[in-house]
Amino acid sequence: MTTRKKLTLSVDADIIERARRYSKRNQTSISQLVTNYLSQLDASSPERFSPSVQRLLGLLPDTVSEKEYYRDLDEKHRK
């Protein structure tokens, strides 16, 4: 079992509000968004990914498979 620790962050108010709206739309928590992002830091290096790709890291929950992602894209763009 993973031990969880509390972390206090200082973030601009507008960013917090955007994160709240995003997390609500995506049925997740801000804590999970931060966890997903931070968990990618070890796996990524500046040389491996462009800045645009680095900003996207951690946006999809770990529970979404690549197969599901592509299936959803296919459904979205068939319409």
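Gln27 is found in the loop between α1 and α2, the latter spanning residues 30-39. This is a predicted model, in which local features need pLDDT of at least 70 and side-chain atom pairs count only at pLDDT 80 or more, while totals for chains, interfaces and linings use all residues. Residues are numbered from 1 along each chain as its sequence is written, and side-chain values use heavy atoms, with hydrogens and water left out.

Gln27 has a phi near 50°, which is a positive value in a residue other than glycine. Most residues other than glycine have a negative phi. Gln27 counts as exposed because its relative accessible area is 75%, where exposed means over 50%, buried under 20%, and partly exposed in between, with a 1.4 Å probe and protein chains only.

The protein has four helices and zero strands, and from the N terminus its elements run α-α-α-α. Helices (H or I, at least four residues) and strands (E, at least two) are DSSP runs, numbered from the N terminus. Of the 79 residues of the protein, 8% count as buried. The protein exposes about 7500 Å², of which carbon and sulfur atoms supply 53%; such areas come from the Shrake-Rupley method with a 1.4 Å probe, and for residues only the protein chains shown count as cover.

The side chain of Ser23 reaches the backbone oxygen of Arg20 at 3.0 Å. The side chain of Asn36 makes a polar contact with the side chain of Gln32 at 2.7 Å. A polar contact is a pair of N or O atoms within 3.5 Å; within protein, one must be able to donate a hydrogen and the other to accept it, and residues adjacent in sequence count only if both atoms are side-chain atoms.

Where is empty space left? Rolling a probe the size of a water molecule over the atoms shows where it is left. On a 1 Å grid over the protein atoms alone, a pocket is an open set of points where a 1.4 Å probe fits, with protein on both sides within 12 Å along at least five of seven lines, and lining residues have an atom within 4 Å of a point.

The largest pocket has a volume of about 1000 Å³, and of the 26 residues that line it, Ile30, Ser31, Leu33, Val34 and Thr35 lie nearest its centre. Helix α2 provides the largest share of this lining, eight residues, and by class the lining holds 14 nonpolar, seven polar and five charged residues.

The second largest pocket holds about 290 Å³ of space, and its lining includes Gln40, Leu60, Val64 and Tyr69. Helix α4, residues 66-78, gives the most to this lining, with three residues.

Note on methods: Points joined across faces, edges and corners; volume = space filled by probe spheres on them. Nonpolar A, V, L, I, M, F, W, Y, C, P; charged D, E, K, R; others polar.
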